[in-house]
Amino acid sequence: MTEATERLVFKRSEPFRLGVEIELQIVNTRDYNLSRGAPDLLRLTGKQRHAGEIKPEITESMVEMATSIHSSHDSLLRELLEMRDLLVRGADRLNLAICGGGSHPFQKWSEQRIFARPRFAHLSDLYGYLAKQFTVFGQHIHVGCGNGDDAIHLLHGLSRYIPHFIVLSASSPFFQGHDTSFASSRLNAIAAFPLSGYMPFVSSWDEFNDYFRTMQDLGIVESMKDFYWDIRPKPEFGSVEMRVCDTPLTLEQAAGLAAYAQALARSILAEPRTAARPDSYFVYTYNRFQACRFGFDGLLVDPQTRQHRTLREDILETLASLEAKAAEFGSSQALGALARQAESRQNGSAWLRDAMARAGSLHDVVRLQAELWAGRLESDE
Amino acid sequence: MSEFGFLPSFPLPSSAVLLFGTLMLAGLVGGWAVERFLSLPRIAGYVITGLVLGPGGVSLLDPGTLHDARIFMDIALGLVLYDLGHRIRLRWLVRERWLLVTGVSEGFAAFAAIFAVLLFIGEAPLPAAMAATIGMASSPAVVLVVARDLRAEGQVTERALNLVAINSGLAVLVFTLLISYAHLEQDAGWAVAAAHPAYLLLGSALLGLAMGLLGIALARWIGKREDAQLILVLALIAVTTGLARQLNLSVILALLALGVFSRNLDRRHAMLPVELGHAFQFFVAVLFVLTGASLRLDALLPTAMGVGLYVLARLVAKMTVIGTLSRLSGLSFRQGVLLGLSQLPMAGTAIVLVESTASFYPEFGIRLAGMVFAAVALLEILGPVATQVAFKLAGEAGGAREQ
């Protein structure tokens with residue numbers, strides 16, 4: 001128990017540096033259902049040198065790519081594309097395909113297989129069917145922070161913008177063969193976990209440590225990994241980790257979202273610091289639901305100004321206010337692309353619903369999804 | 001007497017429906033018992049059930065009944081071969097050339113090894129070549145059904161299915177060429193010798209192509225409705241099988257071609273990947289019970305040495321070639337060996353080939369026919385076990401039917 005009661009040390013890291021982790025779907029090329037391909041794919045990619053990391057996830061039809069640390073959007077995207085090409089080459093050899101998207105449109109959760117690793121077996125024992133139903137795919141964005149107090153402050157600041165990230169990444173309209181009517185149905189699968197949602201209100205790293213120690217002493221958690229919050233501090237990386245995003249359909253979008261988080265973080269930490277207020281969380285789950293269900297047309301309630309407006313308006317206004325910060329990081333173009341999506345209410349879910357309307361079957365939707373992810377769609381049509 | 005006319009008259013008239021139902025029941029019971037008490041794959045149980053009921057056992061299924069049941073076997077085989085053909089993605093085979101090379105090489109290696117063994121024990125060259133050709137093919141039905149039953153997924157399974165399709169097609173090809181050679185030997189003249197294989201091969205491929213194109217056109221017209229497309233596929237399978245029989249074409253080749261063409265020529269993806277699972281359940285049990293019934297173990301004892309050599313030569317050739325060449329297509333050595341093992345089952349259709357060869361070419365001889373029969377019988381029971389073990393050891397068996 002000595003180890004358990006040690007305080008968490010927040011590793012100092014260069015502020016505003018970025019890293020992302022992206023969970024991907026492995027599908028077969030026959031009916032485009034999820035397919036058990038991770039072991040073979042990892043064996044192939046493992047033989048080649050590349051930046052970042054490609055690793056197994058809880059089920060064998062999932063892989064995760066994790067980037068190294070980047071200070072700019074462009075270098076992040078470059079690395080993501082390199083890893084993508086490696087994965088696509090591997091999948092081609094194995095008669096498999098890889099795609100983005102927050103959920104697989106028609107897989108049956110009961111058919112998923114848990115990857116043979118002790119931690120995954122433990123999770124499967126603990127959570128039962130939830131572990132298999134957790135076959136959803138997300139993007140995690142890490143933003144570097146100088147110290148633990150900054151991280152807690154940044155976390156509270158970013159929580160207001162969580163709905164933005166849900167809407168811009170939303171790409172899970174279909175689940176278990178049906179249109180859910182949600183822009184992001186993936187987050188519903190996470191809500192069932194006991195430690196999901198948002199972090200309890202603490203206002204400093206010390207307070208967070210007290211909370212963490214209490215939870216440990218109560219025997220509820222062992223490590224930070226047991227928290228499934230939308231945003232959580234990641235002390236061993238020295239970052240704040242945002243976990244609400246669906247895996248977008250393209251890596252360009254994934255890098256764009258990271259650039260958005262970076263610019264927001266800069267803006268939040270640059271403003272004069274006022275104490276974070278617990279009442280800002282009164283609206284949290286309402287806003288989150290609106291974003292998941294209605295996408296760009298969802299309503300956002302601002303607890304400070306008491307204004308109601310659509311997420312589309314709020315996103316456009318926020319992006320406009322970040323222009324200077326974006327220019328500083330060289331991500332003006334990436335943020336411009338997000339603004340255009342908000343203008344036209346285009347996100348992954350809209351694309352997928354459109355693909356379904358055109359192609360007529362969910363098998364075809366996944367096929368198109370895989371071609372889009374591999375960067376082959378334009379050239380093929 | 002007349003007032004009791006409502007009573008059935010004895011002996012009872014034969015009924016195909018009754019036969020179908022009885023075979024399913026027998027298969028169900030036998031398959032379940034074997035799975036439960038011996039932990040063997042269900043299909044091995046079906047085959048054993050057939051053996052027990054057939055002429056080699058209690059003779060409940062006599063040759064006449066077997067002939068009546070032919071239609072069920074045809075439909076079942078049609079389903080299997082279509083499904084197999086439909087899993088072949090030509091773009092992948094072209095890109096992953098080594099798999100194609102592996103399939104062709106292991107087929108010819110099996111041929112060479114068996115041929116050598118048969119010559120060694122004193123068979124005449126042409127009959128020996130025919131018997132060796134039959135050994136080139138693995139059993140599409142066994143490999144596919146074991147893969148489906150285990151819900152196996154992964155590179156060993158995927159490649160096993162592709163290899164079966166390749167070596168089955170190849171075996172038909174070589175066998176046809178041998179028949180034309182036999183024509184020559186019998187002084188039938190060049191015209192017949194050339195026309196026979198050309199008709200058989202081109203005809204079968206064209207039939208598959210035509211039906212595939214028809215299917216794609218109809219699928220476009222019906223639209224993406226799963227229920228309607230399931231009927232479409234079942235109808236295509238039945239019509240193609242029936243036509244192939246009527247036109248004296250190769251059912252194996254025609255159905256494989258139907259599957260391959262309907263998938264690979266469907267540029268606009270009009271045909272849905274329909275799930276044949278339920279249709280499979282009905283017919284597969286019947287298929288294997290009937291296969292079992294047409295096997296004869298009586299030839300096993302007198303030819304035991306020959307059979308042993310035949311099976312061993314085939315196994316060693318297949319495993320060596322597949323194990324070696326698989327490294328080139330990115331598999332580990334272990335995966336390659338398991339892939340080789342998965343190809344052990346021998347096709348039940350070999351029986352038909354032997355029978356038709358023996359009637360057309362009497363020199364084929366009772367001894368050789370008996371040996372091939374016995375090898376098939378042995379491998380119909382051991383084969384499913386080998387394939388199951390291969391998929392399981394490769395870690396590719398699913399957990400749906402667990403405990």
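The term pLDDT denotes the predictor's confidence in each residue, on a scale from 0 to 100. It applies here because this is a predicted model. In chain B, helix H6, covering residues 97–120, has the highest confidence, with a mean of 95. At the other end of chain B stands helix H16, residues 349–360, where the mean is lowest, at 71. Over the whole of chain B the mean pLDDT is 87, and 97% of its residues reach 70 or more.

For chain A the average pLDDT is 91, with 98% of the residues scoring at least 70. Among the elements of chain A, helix H6, residues 162–169, has the highest mean, 98, while helix H16, residues 377–380, has the lowest, 56.

Let me turn to the architecture of each chain. Chain A contains 16 helices and 13 strands. Its radius of gyration is 20 Å, close to the 21 Å that the globule rule gives for 381 residues, so chain A is as compact as a globular protein of that length. The C-alpha trace of chain A spans about 55 × 50 × 40 Å along its principal axes.

Chain B, by contrast, has 17 helices and zero strands. For its 403 residues, a compact globule would have a radius of gyration near 22 Å, and the value of 21 Å for chain B agrees with this. Taken along the principal axes, the C-alpha atoms of chain B fill a box of roughly 75 × 55 × 55 Å.

We come now to the interface.

Which polar interactions join the chains? There are three salt bridges between chain B and chain A. One of them pairs Glu96(B) with Arg93(A), whose closest N and O atoms lie 3.2 Å apart. Across the interface, 18 residue pairs are in polar contact, with both residues at pLDDT 80 or more.

Notes. Residues are numbered from 1 along each chain as its sequence is written. Chains are lettered from A and ligands numbered from 1 in the order in which they are written. This is a predicted model: local features need pLDDT of at least 70, side-chain atom pairs count only at pLDDT 80 or more; totals for chains, interfaces and linings use all residues. Side-chain values use heavy atoms; hydrogens and water are left out. A salt bridge is a side-chain nitrogen of Lys or Arg within 4 Å of a carboxyl oxygen of Asp or Glu. A polar contact is a pair of N or O atoms within 3.5 Å; within protein, one must be able to donate a hydrogen and the other to accept it, and residues adjacent in sequence count only if both atoms are side-chain atoms. Helices (H or I, at least four residues) and strands (E, at least two) are DSSP runs, numbered from the N terminus. The radius of gyration is taken over C-alpha atoms; the globule rule is 2.2 Å times the number of residues to the power 0.38.
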